Amino acid sequence: MRRISASLLGVLLVTVLVLGASPGAAQAEVSYCSEEIEVVRLINEYRTSKGLDALLVSDVLSESATKHCLDMAKYGFFSHTTLDSDWFPVGSTAGERMVACGYPPFKSWSENIAAGYESADRVFTAWKHSESHNANMLTRGWKVIGVSRVVDPQSVDGTYWATDFGSHVDGTAHENGQPTHADTVAPVVVITSPTAGTDIVGPVTVCATATDDRGVVRVDLYADGAKIASDDEPPYAFVWDTSGLDPGAYVLEVRAFDLAANVGTAGCAVHVSSSPAATTTTSTTSTTTAGTPSTTTTTSASPSPSTTSTTLPVVAFTDVPAGNAFYEPISILAAAGVVHGYADGMFYPGNPVSRAQFTKIIMLALDEHTVEIDNPSDPTFNDVRYVGSPYPFDFVEEAAALGIIKGFGDGSFGPEKQVTRLQLALMLVRAGDVSFAEPPAGYACPFVDVPSYAREAVMVAHYNGLVSGKTEARFDPYSPATRGQVAKMVCGLLEALRP
């Protein structure tokens, strides 16, 4: 008997395939049998045939997959949720099992499992012919895979499979079936703003990119050797408040760390001013009394008037060329350091966005992020706790304090869950608040599939040009919002907030 089911867990699609299912003792070190190596080869061959990158094998994810397969075989269950275990708390999700085995938290992940298939080609074929499993294997954002095949003739189904996918290249990642090589390559770091020689007054956002062949763990900002802040999730951005500093030259340094403790650095010298530069305006008036013109000089400490330009910054994302529907908003936010691309130079506008990632984007876009951690021991949500980095805790706390984000009925926020189009619209309207134009009398929400509790918010968002429907009458509220859609809607919010 074959049973197939699919469920959405964590950040991305988690799918299930069953036809039947094996434990042995837990492995002290991760090793790979020929069938496990073969299923990874088949998946990678399939991905490359579609123009996608092959996946590295992560020992950490393979350990998580193996322990889950052993549990399913030993305790007679088949589920993505841990129902009984020798290693994990009951109720653990695939993402929680991955983190327990050493994978970084708040990274995108998904899982395919199967039972009853003896060989790699058969389980691969079964996954390939299931729409949800097939989509999971072909997700562009995956960089690593963990794999396990556990055989136990005494178990209910005999053979259990699991493939765990992740978006982060951890320090145990290696080529299919090959041992892990020592990581001696440091991350590459670039400070994107401010540029060298910039004159700074008050708070400034320092933005940087950091890439590594096996993944960046943390990025720190230093000013004249003093640590200012840390960030462990791109886009890497820090608020440096120069208020109160002595005027003069300062050296900014960004340090990026990988899992092997290699450190990449980048620096630039900037100048801090105590106040805005004074401007001098000269007005000339004629007077008949003295018979000669009199000149009055006025000195003002106000900064020069701001100017606007229609010239967009150059975007280096090869998959977002000029003319792309998302080119302009992505360009604007990338230039401001609000969003960044991937290490391969792509932006992937069609990839989903987690609730934690969107929270960081909206706070950076609104320039509301600070580096103070006010309540590390008293979090607003039971699943977003302070773990030594501003992301996602401080961003989530700040957004919650401003009323931009809300949690679920159980007190959780669901940071790893995909943000839906409906949630995105609600958050944007909360962020805009009174700045949005009020729809005229008689204006109604044009979408028939928006739930009643959200119709007013979606109506306001639609009237102000932030959202559009998938069709004329349907909004598709529960589908995941993509990176391109998020950029477009956040830019629409900033336009509405502009005085």
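## Cysteines

A disulfide is a pair of cysteine sulfur atoms within 2.5 Å. The structure, a predicted model, holds zero disulfides. Cys69 has 0% relative accessibility and counts as buried, a term for residues under 20% relative accessible area with a 1.4 Å probe and protein chains only. Cys491 is also buried, its relative accessible area being 13%.

## Basis of the description

In this predicted model, local features need pLDDT of at least 70 and side-chain atom pairs count only at pLDDT 80 or more, while totals for chains, interfaces and linings use all residues. Residues are numbered from 1 along each chain as its sequence is written, and side-chain values use heavy atoms, with hydrogens and water left out.

## An antiparallel sheet

Strands (DSSP runs of E, at least two residues) and helices (runs of H or I, at least four) are numbered from the N terminus. An open sheet of three strands runs in the order β8-β10-β13, with antiparallel pairing; two strands pair if DSSP finds at least two bridges between them. β8 (188-193) and β13 (236-241) are the edge strands, each pairing on one side only. From one strand to the next, the twist averages 30°.

Five bridges join β8 to β10 (residues 203-211) in the antiparallel sense. Val188 has Thr211 in β10 as its bridge partner.

## Two packed helices

Helix α9 (residues 421-432) packs against helix α10 (residues 455-463) at an angle of about 75°, and their axes are 9 Å apart. α9 is therefore roughly perpendicular to α10, the term for angles of 65 to 115 degrees.

Leu422, Ala425, Leu426 and Val429 of α9 meet Ala457, Val458 and Ala461 of α10, contact meaning heavy atoms within 4.5 Å.

How values were computed. Axes fitted to C-alpha atoms, helices over the stretch in contact; angles between N-to-C directions. Parallel < 35°, antiparallel > 145°, perpendicular 65-115°, else oblique. Buried < 20%, exposed > 50% of the residue type's maximum accessible area, 1.4 Å probe, protein only.
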